[in-house]
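Hello,

Here is the structure I promised to pass on.

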Amino acid sequence: MTHQRTFNFPVALLIGQASRLLAALRDSLAGPAVLKRLKAGFDAGLDTQIQLVQKGGTDQKTAGGVLAGLTQEEAEAYTEMERLMSDARRSAALVFSTGDPRLHLEFTVGVADQPHDLDHELEYANTIVKGCQTYADQLAEHGWTADDTTALDGYITTLEGDPALRDTAGDKKKRITSTRNSGANDLYQMCHSVQNAARLAYPLTQAGKIAGTIENRARFLLDEFPPHNGSPGAVPAPGPGPATTPPAK
């Protein structure tokens, strides 16, 4: 199902501003006070989500729902697994002609309309590994090596972990969506989380009292993003409360 975007400015702008927020998080001066308010590994998850949205396409598998429950190592393994799966399919397309059933059966080409939760992605990845082993010589003629197959298999092992844990109710909620809009929405929400943490770390009341407050607020785009009228779901920076009228006597 195609999800509607929760913002009405270009995805390219979102990616650019998210990258600036990531740089601010990783800045040795501005970042620590904000990072400590976020979940461990949040910056790695934001980095991965930016990369996934950048890839785009209606069949893009975004990891917004999965990354929140993964360690940094697992998040990186997921990203690399998806990259190698894509590369293996592309290599197989050079070996087999369009319409050859082996592309679908052994390299899972054409599964865009199938489920893409973590367990299914691992199932597709395992199928591709077997295909790579079966047609190793043919794939090697187009640049795919045995080392690539080994690397893909290793990332699968990292993500598989304990099957019993993946079947828990919490893990069932970790869904990988299949549209760029959904991935962009996840990225937009992550940007809000960063800015909310920054707003708490560098309150406007500290301006002029604590050195660097204004500069750090600017690093986290608190007066710049989201753009004015750019999103019906935007969370504005806090300002003065509404004026009050004394009650009539």
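Predicted model: local features only at pLDDT ≥ 70, side-chain atom pairs only at ≥ 80, totals over all residues.

Residues are numbered from 1 along each chain as its sequence is written, and side-chain values use heavy atoms, leaving out hydrogens and water.

Cysteines first. Searching the whole structure gives zero disulfides (a pair of cysteine sulfur atoms within 2.5 Å). Cysteine 132 is buried, at 1% relative accessible area, and cysteine 191 is buried with 1% as well; buried means under 20%, with a 1.4 Å probe and protein chains only.

Next, a helix pair. Helix H5 (residues 72-95) packs with helix H9 (residues 146-160) at about 140 degrees, the axes lying 9 Å apart. Axes are lines fitted to C-alpha atoms over the stretch in contact, with angles from 0 to 180 degrees between N-to-C directions. Helices are DSSP runs (H or I, at least four residues), numbered from the N terminus.

Residues making the contact (heavy atoms within 4.5 Å) include Tyr78, Met81 and Leu84 of H5 and Leu152, Tyr155 and Ile156 of H9.

Finally, threonine 79 also sits in H5. Threonine 79 is buried, with a relative accessible area of 9%. Apart from neighbours within four places in sequence, threonine 79 contacts Thr48 and Gln51.

Best wishes

Definitions and conventions:
Buried < 20%, exposed > 50% of the residue type's maximum accessible area, 1.4 Å probe, protein only. Helix = DSSP H or I, 4+ residues; strand = E, 2+ residues; numbered from the N terminus.
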